[in-house]
Amino acid sequence: MAGKQFKHILLIGRPHVPGVPETLNALRDFLLSLNVQFAIEEQTADCMGPDGSNICAATEPPKGVDLIIVVGGD
């Protein structure tokens, strides 16, 4: 699978875990710099602050997601 690039990413995080909001914001900025499409789970987005990102419910992830990144969980 060399050269495969993820095109649609979903970010999920545990908002009350120390360092998670900062890590998610840095990850969001990195993905924006790569022009990668991504969505943020709605409770995760609440802890990150408004930025106009695509927000989705955890129970209804966007179609076509090929990578889910979870920060601060087991």
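A polar contact of 2.7 Å joins the side chains of R28 and N25; the term stands for a pair of N or O atoms within 3.5 Å, where, within protein, one must be able to donate a hydrogen and the other to accept it, and residues adjacent in sequence count only if both atoms are side-chain atoms. R28 belongs to helix 1, which covers residues 20–33. Helices (H or I, at least four residues) and strands (E, at least two) are DSSP runs, numbered from the N terminus.

A word on how to read all this. The model is predicted, so local features need pLDDT of at least 70 and side-chain atom pairs count only at pLDDT 80 or more, while totals for chains, interfaces and linings use all residues. Residues are numbered from 1 along each chain as its sequence is written, and side-chain values use heavy atoms, with hydrogens and water left out.

Is R28 buried or exposed? R28 counts as buried because its relative accessible area is 9%, and the cut-offs are under 20% for buried, over 50% for exposed and partly exposed in between (1.4 Å probe, protein chains only). Setting aside neighbours within four places in sequence, R28 is in contact with F38, I40, M48, G49, D51 and S53, where contact means heavy atoms within 4.5 Å.

R28 also has a charged partner. Its side chain meets that of D29 in a salt bridge, at 3.8 Å from N to O. Such a bridge is a side-chain nitrogen of Lys or Arg within 4 Å of a carboxyl oxygen of Asp or Glu. Side chains of opposite charge can pair when their charged atoms come close. D29 has a relative accessible area of 45%, so this residue is partly exposed. How many salt bridges does a search of the whole structure find? The search finds one.

Now step back to the chain as a whole. The protein chain has two helices and four strands, and along the sequence they follow the pattern β-α-β-α-β-β. The C-alpha atoms fill a box of roughly 35 × 30 × 25 Å, taken along the principal axes. A compact globule of 74 residues would have a radius of gyration near 11 Å, and the 12 Å of the protein chain agrees with that; the radius is taken over C-alpha atoms, and the globule rule is 2.2 Å times the number of residues to the power 0.38. Of the 74 residues, 30% count as buried. Among contacts between residues at least 6 apart in sequence, 61% join residues at least 24 apart.

How confident is the predictor? The pLDDT, its confidence in each residue from 0 to 100, averages 85 over the protein chain, and 92% of the residues score at least 70. Where pLDDT is low, the predicted coordinates should not be read in detail.

Next comes the loop between helix 1 and strand 2, where N35 lies. N35 has a positive phi of about 60° although it is not a glycine. Its relative accessibility is 72%, so N35 counts as exposed.

Strand 2 itself holds A39, which counts as buried because its relative accessibility is 2%. A39 and I9 sit 30 residues apart in sequence, yet their C-alpha atoms are 6.3 Å apart in space. Not counting residues up to four places away in sequence, A39 touches I9, L10, L11, N54, C56 and P62.

E41 lies in strand 2 too, which spans residues 37–41. Which side chain of opposite charge is nearest to E41? That is R14, 10 Å away, and E41 is buried yet has no salt bridge; for charge, Lys and Arg count as positive and Asp and Glu as negative, while His and the chain ends are not counted. The side chain of E41 does make a polar contact with the side chain of T44, at 2.8 Å. A polar atom of the E41 side chain also lies 3.1 Å from the backbone nitrogen of Q43. With residues up to four places away left out, E41 touches L10, L11, I12, C56 and A58.

Our last stop is G13, in strand 1 (residues 8–13). G13 has a relative accessible area of 10%, so it is buried. Beyond its neighbours within four places in sequence, G13 is in contact with V20, L24, T44 and V71.

Note on methods: pLDDT is the predictor's confidence in each residue, from 0 to 100.
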